[in-house]
Amino acid sequence: MQANKPENFAQNVTEALAQPDLKMIIRRTTDKAEAKRSDAIANFPEFEKARTQGQKVKDHTIKYMDHYLAEFEKNALAQGTIVHWASTAEEASKIVLDICREHKAKKVTRSKSMLGEEIGLTHAFDNSDMERIETDLAEHIIQLAGDPPSHIIWPAMHRSREDVVKLFREFHTDPTYSEEITDLVRSARRDLRTKFLTSDIGISGSNFLLADSGSTCTVTNEGNAELTITPPKVHIVTAGIEKLVPSMAHAIPLLRLLTRSATGADITQYITFHNGPKRKNDADGPQECHIVLVDNGRTKMLAEGMEEMLRCIRCGACMNHCVVYKHIGGHAYGSVYPGPMGSVLTPHLQSLEVANKQTHACTMNGRCEDVCPVNIPLPKLLRSLRAQSWEKKYEPLTNRFVVKFFGVLAKRPQLFQLFSSCSLIFMKAFSRNGWIKYMPFTSGWTRNRDLIEPETTTFMHQYKKMKKSNSGGS
């Protein structure tokens, strides 16, 4: 599957809605995630307190980012880790590939990292002479399918079990002919196990960077990060600079929030803190450890007043509760980060000019903010981006005309009521059995869903009538 582009958002959405099973497949996972998160929060009475605490930790670290970055670098170097700095995605990707080439690597294993996707690492390896092996089960599936990820926690959410069965039978050397999930997992394990042990370099992301120790932290459900990191001689970590926290004590409340918000579990199966290369008496571990600290627009977000978005701990709860994401899935957004958080991040990682349409794909119902474990005001940030898009004249001329026309009506109440009454008569002419399947000027809505028949009279007319009735007709 060829990756969509954010500037083609409208076309991407049309194609997503035309896929007959996509919505059902997405909702099967997101609805389950929503229910599990709800149960987890109900069984965690301290959630709101932890949420406030997590927000404070992130805000404090972002405010003093210079200090904590310097402290992290100093302590990571003391552990024996080699620290690299990358201001752009291209620079970060080049650093990683250069390290691999210096070690004459032929085979590279990688655990799931959205930062790796963000800096284009998968494409960079695919265009090199090195073999890239994705070790996360979902990433393994989409690598076999040639798909980009469609969700930051479940990258293969858009694939059904039937799809996975076909892929494993086609690509695995010793495939299962069972369709049971446990048998499919065993098939993937058999295929990946040898590759883990023969890899030249292991690459991981990091959920948190601990400034006071120079440690990195990975959180997984499968243990593949540990197998990715431990056998190879070289370990490379790629991490965004916003992943910093002052210490282990500050990481703990965020860990408690992350797992519950992401999968609805109290705690994940594997939480590992990595402290540089193998030491003299260690039983195993890499002989060389690198960390690439990536900016790629993050300091620009700070400068532009979008620092609240840097709190994000990549749990995916906002997209699991987003009515738009549930209908169109992740690929339609045309970027690494889909859903509400992606609609805020992508304009900064690429540009608002190419990604402004995603900021309008929001009903502003506020559910994303309600479930965010670190209180990111996503609707407010989206409104801010919409305002910037309007000021920079990125909106189509038709949209600008409609908004200006509405502004004229809104300032003239009598004209507004006359226009509303005429609109109701016009809409009624196209109504059949309570629904409007087609009406001029509304193809953007009626192309994929029906429009509900409006009331017989306007809201203001009904309000006046009710008020008169309540006052006894006087």
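**A walk through the predicted chain**

The protein chain contains 23 helices and 12 strands. Its radius of gyration is 25 Å, close to the 23 Å that the globule rule gives for 474 residues, so the chain is as compact as a globular protein of that length. The model is a predicted one. Along the principal axes, the C-alpha atoms fill a box of roughly 90 × 55 × 45 Å.

Of the 474 residues, 50% count as buried. The chain exposes about 23,600 Å², and carbon and sulfur atoms supply 54% of that area. There are 62 positive and 54 negative side chains, and the centres of these two sets lie 7 Å apart. Contacts can also be sorted by how far apart the partners are in sequence. Among contacts between residues at least 6 apart, 72% join residues at least 24 apart.

Helix α1 spans residues 9-17, and its buried residues are F9, N12, V13 and A16. These residues cover an arc of only 100° around the axis, which puts them on the same side of α1. An α-helix has 3.6 residues a turn, so residues three or four places apart point the same way.

T238 is part of strand β7, which runs over residues 234-240. Its relative accessibility is 1%; buried means under 20%, so T238 counts as buried. Leaving aside residues up to four places away in sequence, T238 touches V96, S113, L115, G116, I119, L121, S204, G205, S206 and V292. One of these contacts, G205, is 33 residues from T238 in sequence, yet the two C-alpha atoms are 5.0 Å apart in space.

Most residues other than glycine have a negative phi, and most peptide bonds are trans. N375 has a phi near 55°, a positive value in a residue other than glycine. This residue sits in the loop between α18 (367-371) and α19 (378-391). At 22% relative accessibility, N375 counts as partly exposed, because that class begins where buried, under 20%, ends.

F441 also has a positive phi, near 75°, and is not a glycine. The loop that holds F441 lies between β11 (435-436) and α22 (443-446). With a relative accessibility of 84%, F441 counts as exposed, since exposed means over 50%.

Notes:
Residues numbered from 1 in each chain as written. Predicted model: local features only at pLDDT ≥ 70, side-chain atom pairs only at ≥ 80, totals over all residues. Heavy atoms only, no water. Buried < 20%, exposed > 50% of the residue type's maximum accessible area, 1.4 Å probe, protein only. Helix = DSSP H or I, 4+ residues; strand = E, 2+ residues; numbered from the N terminus. Arc of directions from axis to C-beta. Rg over C-alpha atoms; globule rule 2.2 N^0.38 Å. Contact = heavy atoms within 4.5 Å. Areas by Shrake-Rupley, 256 points an atom, 1.4 Å probe, with all protein chains shown as cover. Lys, Arg positive; Asp, Glu negative; His and termini not counted. Charge placed at Lys NZ, Arg CZ, Asp CG, Glu CD.
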